[in-house]
Amino acid sequence: MLMPILQIHSEDMPAYAIVCGDPARAEKISRKLEQVRELAFSREYRTFVGQYEGVQMAVVSHGVGSPGAAVCFEELIRAGVTTLIRVGTAGSYTAEYPAGSVIVSTAAVRTDGLTRQLVPDGFPAVADIGVTQALIEAARGTGGATVASDAPTAGVTKVGVGITVTLDAFFTGVEEIPHRKYKQAGALAAEMEIAALYIISTLRGARAGAIVAIDGFADSDLAAEYDPHTDAVANAVEHEINTALQALATLARQDQA
Ligand SMILES: O=P(O)(O)O[C@H]1O[C@H](CO)[C@@H](O)[C@H]1O
Ligand SMILES: O=c1cc[nH]c(=O)[nH]1
């Protein structure tokens, strides 16, 4: 069956998928796969399939923002994907995790508009516990610091685990973006799609997790300070890609056992 927006056929889709915002990041991840094929590049959605450690998986870009990403998650699940890991970037809420760190998201605050049109307000956006465990173990085993309080070292990615916030707005308007209260409540970072991924996966019976590379501080003036193109961020993105690939391969092996 052809998925009308992603322009992929369900017959070509494996059960495991990595999703990310940037089509260029999807291409970068695909270069780590064997027997890789590009299936489609439709709108912002670029889809590759290939093998990692013998496990057939897809890598798909979902663009920026929850409504567009939701279309991607829905069509992937309809096409037969049952396990999804988002490999994203996010702004940090804490000096403990500066640019160059990675954070595994256990749950997402729903400050987006999309999920309000899918489920009632109090319904939680939570990661799958098995996917999260696989991500944490892979993140700490592939070069990451082993405890969250470790001081960052050049070339070593610091690994945090906790709640992330999903926003719709990236640049500030005249309204205050609610960073302060979520930061005060203990959220670690802000990005733009994880709540949609968790809610849609829960609704459709798929399992999902997410890891983000920190590219600065979310509550700084992003119009002036946002720079996701530093060596520290590139190092963290490389780390989270390897982490997600490893986690999916582990999950696939567990599923087969
Ligand atoms: O790097 P990606 O995966 O796109 O994630 C983050 O970066 C984008 C904002 O620049 C948003 O999509 C946000 O969630
Ligand atoms: O949504 C995002 C993504 C990266 N960095 C941020 O500060 N916010």
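**Reading the model**

Modeller: Gln133 belongs to helix H3 (residues 129–141). Helices (H or I, at least four residues) and strands (E, at least two) are DSSP runs, numbered from the N terminus. The model is predicted: local features need pLDDT of at least 70 and side-chain atom pairs count only at pLDDT 80 or more, while totals for chains, interfaces and linings use all residues. Residues are numbered from 1 along each chain as its sequence is written, and chains are lettered from A and ligands numbered from 1 in the order in which they are written.

Biologist: Is Gln133 buried, exposed or partly exposed?

Modeller: One counts the other C-beta atoms, placed from the backbone, within 10 Å of a residue's own: 20 or more make it buried, 12 or fewer exposed, and anything in between partly exposed. Gln133 is partly exposed because it has 16 C-beta neighbours inside 10 Å.

Biologist: Why does Leu114 count as buried, and which residues is Leu114 in contact with?

Modeller: Leu114 is placed in the loop between strand E6 (102–111) and strand E7 (125–126). Leu114 counts as buried because it has 20 C-beta neighbours inside 10 Å. Contact requires C-beta atoms, placed from the backbone, within 7 Å; setting aside neighbours within four places in sequence, Leu114 is in contact with Ser66, Pro67, Ala70 and Ala196.

Biologist: Which residues surround ligand 2?

Modeller: A residue is near a molecule if its C-beta atom, placed from the backbone, lies within 6 Å of it. Around ligand 2 one finds Thr89, Ala90, Gly91, Phe170, Ala190, Glu191, Met192, Asp215, Gly216, Ala218 and Leu222. Strands E5 (83–92), E9 (189–191) and E10 (207–217) each supply at least two residues of that shell, and E5 gives the most, three. For classes, Ala, Val, Leu, Ile, Met, Phe, Trp, Tyr, Cys and Pro count as nonpolar, Asp, Glu, Lys and Arg as charged, and the others, Gly among them, as polar. The shell around ligand 2 then has six nonpolar, three polar and two charged residues.

Biologist: What is the class composition around ligand 1?

Modeller: The shell around ligand 1 has four nonpolar, three polar and three charged residues. Among them are Cys20, Asp22, Val64, Thr89 and Glu193.

Biologist: How many residues has the largest nonpolar core?

Modeller: Such a core is a set of buried Ala, Val, Leu, Ile, Met, Phe, Trp, Tyr and Cys residues joined through C-beta atoms within 7 Å. The largest has 85 residues, and Ile18 and Leu248 have the most contacts inside it. Helix H7 (residues 231–256) gives the largest share of this core, nine residues. Not counting residues up to four places away in sequence, Leu248 touches Tyr16, Ile18, Val55, Met57, Thr83 and Ile85.

Biologist: Where does Arg43 lie?

Modeller: Arg43 lies in the loop between strand E2 (34–42) and strand E3 (45–52). Although Arg43 is not a glycine, its phi is positive, about 50°.

Technical notes:
Two residues are in contact if their C-beta atoms, placed from the backbone, lie within 7 Å.
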